Amino acid sequence: MMERVYNPVFVKELKLRFRSFKSFSGLMFYLAVLCVFIVGFLLVTTEFTGRGFFKPDISFIMFAVLSIVQMALVLFITPSLTAGAISSERERQTLPILLTTTQSSTQIIIGKLLSSVAFLVLMLIAGLPLYSLVFLFGGVAPSQVVSIFLFYLVTVLAIGSIGVMFSTITKRTIVAMIATYGSIIFLGGITAFFFFLTIAFHGMTAAVGNSWMSYFWAAINPGALMLTLISPEMGEGLTEVSGVSLPVWVTYLIVYSLIIVFSLTIAIRKLRANMKNNR
Amino acid sequence: MIEIRDLTKKYGSFTALDHLNLTLTEGTVFGFVGANGAGKSTTFSILATLLSPTTGDAFINGKSIIKEPTEVRKQIGYMPDFFGVYDQLKVDEYLDFYGASYGIPSAERKLLIPQLLELVNLTTKRYEYVDLLSRGMKQRLCLARALIHDPNVLILDEPASGLDPRARVEMRDILRHLKTMGKTILISSHILPELAEMCDEIGVIDNGKLIAHGNVAAIQAQLQGEKRIAIKVTEKLVEVRAFLEEDPLISAIDVVENRLEIVFNYRGTDAEQVALLKKAVMADLPIYAVSEEEKDLEDVFMAITKGADSP
Ligand SMILES: Nc1ncnc2c1ncn2[C@@H]1O[C@H](COP(=O)(O)OP(=O)(O)O)[C@@H](O)[C@H]1O
Ligand SMILES: [Mg+2]
């Protein structure tokens, strides 16, 4: 039974990952950024209140900002973990040998993706103790934290799939890396720009009815998703401007699942691109 | 059993392989010889299911490389001409990874790894990092890796290239051993003599075409055409030379005066050669020895590839 679920690439990748200095320094960087942020936040807010205590609503603000900072970090780190998945094997001339083993293309791609995701999950878990500060001061429901972590996972899987796809279809890691960061800039930045553009346009033309377009741009933006998850009022605000009442997370989940399926399908198809018959 | 049928590979308009046909029976050690760029690696990549042929097909033990690539992968062990290793992995982890990649259960892998390391003389390196091994060791490790799923066909692309003479000898001894295990071995080289001694059959490829195929002696005969014959006389060098010059099948006569020896190229058949010798004896020429000079394979190879190269 164990042998059936055993994915050699997954196991090997994790082993290599934990042995490399890059992963260690990546993890340290992540934790350092979170710490610096939290300490800075505490210093600034206690300064404001003048006394050494911390109110639940400030704790909530900290939670909100922390969640967004963490999402940004995840977005920033995922490409560096996944964009080399296949192309680095190609560059190191280990790919042909891997492709002559009896592992299916699906197995190889999934193993590569999951090993990166596993590492990122570990990273998120390593950051959890810092979150506990938030609970200490109150103001946030644990269920909220759970849903936020689930959406980190969805986002990591989607960005990771995009990275693995670019890694498979481009020859060089650096190109795959640039393309993956490009996708993130699109999802995290350009969508926001389009959102404001379509909102402004909608307002200007004084059109009646729903602005599905502006809703869509907001709904696929990880930042917007975080905001609506953190505070329901944000979601209501979006419903007011766009006229669409579908919760953002539903659309986000659908679109990102599609991204995962699409990217992985391309990667699996293209892994053995020089063979006509591949799976 | 390996069957290559009309294999053609085009890169754009460039034809790297041109209707290659080849059948090898089980247990054959086949030497694939050709200059750089002749198409050896292309052929082997296709057999290893890494590359689709433009047209044609190949069968490894009856399985088509196009229709049943996974089945083919189970049957072959492939060693590319250039390959890398994962740094940060130890020798036994390296083999364990590939063993797992072939679906070999963990318990079996544990038994297999020491045996393979023994076979390729790397037992002492079991717990060292692969990227710290010498080139010759990496090459042998890669061979062990190609053997992990006990394939009955081995496809080795220039396994001895870049090795020093000692490492070559080691590699050759291992290959000899594998031959006694009954494996079908395809081995390519751009150096012919390196292969001749251990191969049952040799195929010569040039510009994507198989220009000769057979056992080593047959290839030599097929390719040589002309023999180089040396005769020794006790005296009368000038007369013997004059006698030889009359025969239209003889050319390039060289007289080595201090050794009383004459060397010449002969294009005739064996029967014609008998007649020639008879005639010489009748003419009372003092010939006491006749021998055929071995042209070494390298010369033959140079001659044929030069011939086929011209557009
Ligand atoms: N991917 C490729 N694209 C274009 N031409 C190629 C490619 N791979 C090989 N070739 C050409 O095909 C010919 C045969 O190459 P190869 O099979 O590697 O030769 P060998 O292994 O005998 O040295 C060479 O002329 C080479 O330049
Ligand atoms: Mg080659």
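Biologist: Which helix does A:Ser115 lie in?
Modeller: In this predicted model, A:Ser115 is part of helix α7 of chain A, which covers residues 105–137.

Biologist: And is A:Ser115 buried or exposed?
Modeller: Buried, because its relative accessibility is 0% and the cut-off for buried is under 20%.

Biologist: What is A:Ser115 in contact with, leaving aside neighbours within four places in sequence?
Modeller: A:Phe10, A:Glu13, A:Leu14 and A:Arg17.

Biologist: OK, over to chain B. What's the strand order in the open sheet of six strands?
Modeller: The order reads β6-β7-β8-β3-β9-β10, and the pairing is mixed.

Biologist: Which ones are the edge strands?
Modeller: β6 (76–79) and β10 (209–214) of chain B, as each of them pairs on one side only.

Biologist: How many degrees are neighbouring strands turned against each other on average?
Modeller: 15 degrees, with direction ignored.

Biologist: Now the helices. Where does α5 of chain B lie?
Modeller: Helix α5, residues 135–146 of chain B, goes across β6 and β7 (153–157) of that chain. Its angle to β6(B) is about 160 degrees.

Biologist: And which strands does α6 of chain B touch?
Modeller: That helix, residues 165–180, packs on the sheet and touches β3 (29–33), β6, β7 and β8 (184–189) of chain B. Between the directions of α6 and β8(B) the angle is about 155 degrees.

Key
Residues are numbered from 1 along each chain as its sequence is written. Chains are lettered from A and ligands numbered from 1 in the order in which they are written. This is a predicted model: local features need pLDDT of at least 70, side-chain atom pairs count only at pLDDT 80 or more; totals for chains, interfaces and linings use all residues. Side-chain values use heavy atoms; hydrogens and water are left out. Helices (H or I, at least four residues) and strands (E, at least two) are DSSP runs, numbered from the N terminus. Buried means under 20% relative accessible area, exposed over 50%, partly exposed in between (1.4 Å probe, protein chains only). Contact means heavy atoms within 4.5 Å. Two strands pair if DSSP finds at least two bridges between them. Axes are lines fitted to C-alpha atoms, for helices over the stretch in contact, and angles run from 0 to 180 degrees between N-to-C directions.
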